[in-house]
Amino acid sequence: MSIRSKATTAVASAAAMTLFAGTALAASPGAPGAGDSYFPKYGNGGYDVSHYDIRLNYNPTGDQLSGTTTILAKATQDLTQFNLDFLLKVKSVRVNNAPASFVSDGGELVLTPKGGVRKGQDLTIVVSYADTPSAVKDSNGITPWTKTPDGALAIGEPEIASWWYPSNDHPTDKATFDVNVAVPNGVEAISNGVFLGQTRQINGWTRWHWRSTKPQATYLTFLTIGQFEIRQSTTPSGQPSVNAYSERLGENADAAKASIERTAEITEFLEQNVGPYPFEAQGGVATPNLGYALENQTRSVYDTAFFRRGANTYVVAHEVGHQWFGDSVSVHGWRDIWLNEGFASYMEFLWSEHIGEGTAQENADYTYDLYPADSPFWQILPGDPGPANVFDGAVYDRGALAVHALRVAVGDEKFFEILKTWTAEKKFSNATVEEFIAVAERVSGQQLDQLFQTWLFTKGKPAEAPGRAGEVAASLAAGPAVTKAAEPKSRAKIQLTHELLDAHK
Ligand code: ZN
């Protein structure tokens with residue numbers, strides 16, 4: 001459901017069924033990309049998806065994935081053909097029940113429905129397929145699908161969908177999902193949203209059913225298969241919670257539980273700061289073999305490495321923070337990644353202060369001092385990092401400093417009002433950095449161009465740590481000047497968290 005096309009086009013169903021025969025129409029192929037300035041081929045044009053029904057079978061032996069995805073969509077223009085993003089081998093395609101011809105071409109599945117499609121027409125697209133996802137590489141030779149000793153991880157950003165279901169793979173086209181996966185009995189299959197139960201099949205396989213009822217971006221839809229301990233409960237707020245722990249966590253298992261089991265508490269804390277939690281379920285998954293963590297909608301997935309030095313609630317605060325910043329309010333284009341990573345990183349500072357391990361100001365001071373002025377760190381612009389640096393450390397650390405600079409400039413009351421206004425106004429949609437700046441200016445009543453220019457769009461180390469001037473003046477008056485900020489108690493865990501999150505490049 002893109003925001004653009006939420007207004008329903010009034011098309012009589014009879015008209016919608018009419019084919020092009022005999023009429024001269026300005027029908028054209030749908031664009032092969034959604035118009036992302038960093039990744040022009042991501043997503044597609046010409047239609048808008050409202051729902052994915054993903055119904056698969058997965059055999060961990062041999063990494064064999066097969067099944068059918070049914071897509072409900074609406075055409076946004078007259079179409080002669082249109083694309084889905086998909087890399088696996090396709091067996092058949094139907095559009096509105098009629099077989100459609102298709103060609104797989106470098107990650108684009110090009111469909112030509114008989115007679116074309118009219119603007120406003122409802123589309124039911126059924127794609128059947130079978131392949132070995134870990135053996136499938138994109139044009140860069142990359143395979144985000146991870147085969148594990150006991151199953152697989154379909155988790156990745158900015159891309160993962162093409163390795164397990166056909167889609168319009170760009171965050172601007174969110175949809176609801178049913179993920180329905182059959183695996184051999186005794187194997188677990190975990191995905192987003194509410195768990196609707198499992199059914200035993202007669203062939204010795206079990207089918208797991210997960211449902212996401214709020215708009216969800218394609219890259220935030222995940223599948224994890226393997227041997228897991230699953231903990232189901234109800235949060236104090238009344239939401240279903242599902243946490244899952246790989247049976248291969250080894251000595252990190254308890255530290256992972258001591259962190260992820262606090263998801264509801266951390267969600268509640270963040271709600272007080274940034275507004276109501278937007279989704280219908282909560283949870284977290286811990287697993288080896290991932291290398292990072294990802295904010296999959298309602299159910300983030302964490303590599304076991306985050307817990308190798310004991311419990312780490314900072315990575316949980318980061319990923320839970322993304323539920324507002326990234327998942328509910330998603331990037332308009334990947335250039336807007338600061339809206340995700342700068343804010344999720346700032347949630348760690350707020351959590352640090354909340355649990356008494358260093359104030360947000362102390363964390364900001366320490367982060368500012370960490371990178372010398374001649375470090376390449378200061379050459380990456382969080383507001384426009386470039387396609388090669390979307391997950392650079394600067395997007396996280398300088399990004400969080402930019403958020404703190406805003407807080408210092410407008411004061412706490414306006415700052416938290418800005419965050420709450422932002423998450424409410426942009427709920428379930430997409431946004432640009434420029435739109436955030438506009439909301440910050442409107443709510444605060446201040447002109448903030450210079451501040452954001454300095455922190456997001458100017459190379460080089462800004463002259464002062466945000467908010468420190470007052471402190472330094474006070475400490476100079478009190479005695480010998482402090483040249484470097486003391487390390488907050490939270491820093492070691494925050495550092496470990498960021499090393500893992502932004503080291504995956
Ligand atoms: Zn993040």
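## Arg211 and its surroundings

In this predicted model, Arg211 is in contact with Asp178, Gly193, Val194 and Leu196, once its neighbours within four places in sequence are left aside. Arg211 is found in strand β14, and it counts as partly exposed because it has 18 C-beta neighbours inside 10 Å, whereas a buried residue would need 20 or more. Arg211 and Thr359 are 148 residues apart in sequence, and their C-alpha atoms are 39 Å apart in space.

## Domains and the contact between domains 1 and 2

The domain assignment of the protein gives domain 1 as residues 27-226, domain 2 as residues 249-323 and domain 3 as residues 331-502. The centres of domain 1 and domain 2, taken over C-alpha atoms, are separated by 26 Å, and 16 residues of domain 1 are in contact with 15 residues of domain 2. On the side of domain 1 that touches domain 2, β9 (146-148) and β14 (205-216) each supply at least two residues, and the largest share of that side, four residues, comes from β14.

Glu261 is found in the loop between α2 (253-260) and α3 (263-274). Glu261 is partly exposed, with 17 other C-beta atoms within 10 Å. Between Glu261 and Ser375 there are 38 Å in space, C-alpha to C-alpha, and the two are 114 residues apart in sequence.

## The nonpolar core and Tyr302

In soluble globular proteins, nonpolar side chains tend to be buried together. Here the largest nonpolar core has 121 residues, and those with the most contacts inside it are Ala154, Val181 and Tyr302. The largest share of this core, 10 residues, comes from helix α7 (residues 393-410).

Apart from its neighbours within four places in sequence, Tyr302 is in contact with Ala256, Ile260, Gly284, Val285, Ala286, Ala293 and Val315. One of these contacts, Ala286, also has Tyr302 as its bridge partner in β20, and strand β18 (residues 282-287) pairs with β20 in the parallel sense over four bridges. Both strands belong to an open sheet of five strands, which has the order β16-β17-β18-β20-β19 and mixed pairing. The edge strands of this sheet are β16 (228-234) and β19, each of which pairs on one side only.

## Strand β7 and its two partners

Strands of a sheet pair through backbone hydrogen bonds, either parallel or antiparallel. Strand β7 (residues 108-112) pairs in the antiparallel sense with strand β3 (residues 82-85) over four bridges, and the bridge partner of Asp85 in β7 is Glu108. Strand β6 (residues 101-105) also pairs with β7 in the antiparallel sense, over five bridges, with Thr112 of β7 as the bridge partner of Ser101. β6 and β7 form a hairpin with two residues between them, and Gly106 in the turn has a positive phi of about 55°.

In a regular strand the side chains alternate between the two faces of the sheet.

## Helix α9

At 1.5 Å a residue, the 12 residues of helix α9 (residues 433-444) should span 16 Å, and its end C-alpha atoms are 17 Å apart, which agrees. Val433, Phe436 and Ala440 are buried in α9. Seen down the axis of α9, its buried residues fall within an arc of 55°, so they line one face of the helix. This spacing can be read against the geometry of an α-helix, which has 3.6 residues a turn, so residues three or four places apart point the same way.

The buried residues of α9 pack against α5, α7, α8 (412-425), β22 (429-431) and α10 (449-456), whereas Glu434, Ala438 and Arg442 are exposed on the other side of the helix. α9 is followed by Gly445, whose phi is positive, near 70°.

## Helix α12

Helix α12 (residues 491-502) has 12 residues and reaches 16 Å from its first C-alpha to its last, close to the 16 Å expected at 1.5 Å a residue. Its buried residues are Arg491, Lys493, Ile494, Thr497, His498, Leu500, Leu501 and Asp502. What covers these buried residues includes the strands β19 (293-294) and β20 (300-303), together with the helices α4 (313-324), α5 (338-354), α6 (360-370) and α7.

Technical notes:
Residues are numbered from 1 along each chain as its sequence is written. This is a predicted model: local features need pLDDT of at least 70, side-chain atom pairs count only at pLDDT 80 or more; totals for chains, interfaces and linings use all residues. A nonpolar core is a set of buried Ala, Val, Leu, Ile, Met, Phe, Trp, Tyr and Cys residues joined through C-beta atoms within 7 Å. A residue is buried if 20 or more other C-beta atoms lie within 10 Å of its own, exposed if 12 or fewer, and partly exposed in between; C-beta atoms are placed from the backbone. Two residues are in contact if their C-beta atoms, placed from the backbone, lie within 7 Å. Two strands pair if DSSP finds at least two bridges between them. The expected span of a helix is 1.5 Å times one less than its number of residues. The arc is that of the directions from the helix axis to the C-beta atoms. Domain bounds come from an automatic or database domain assignment.
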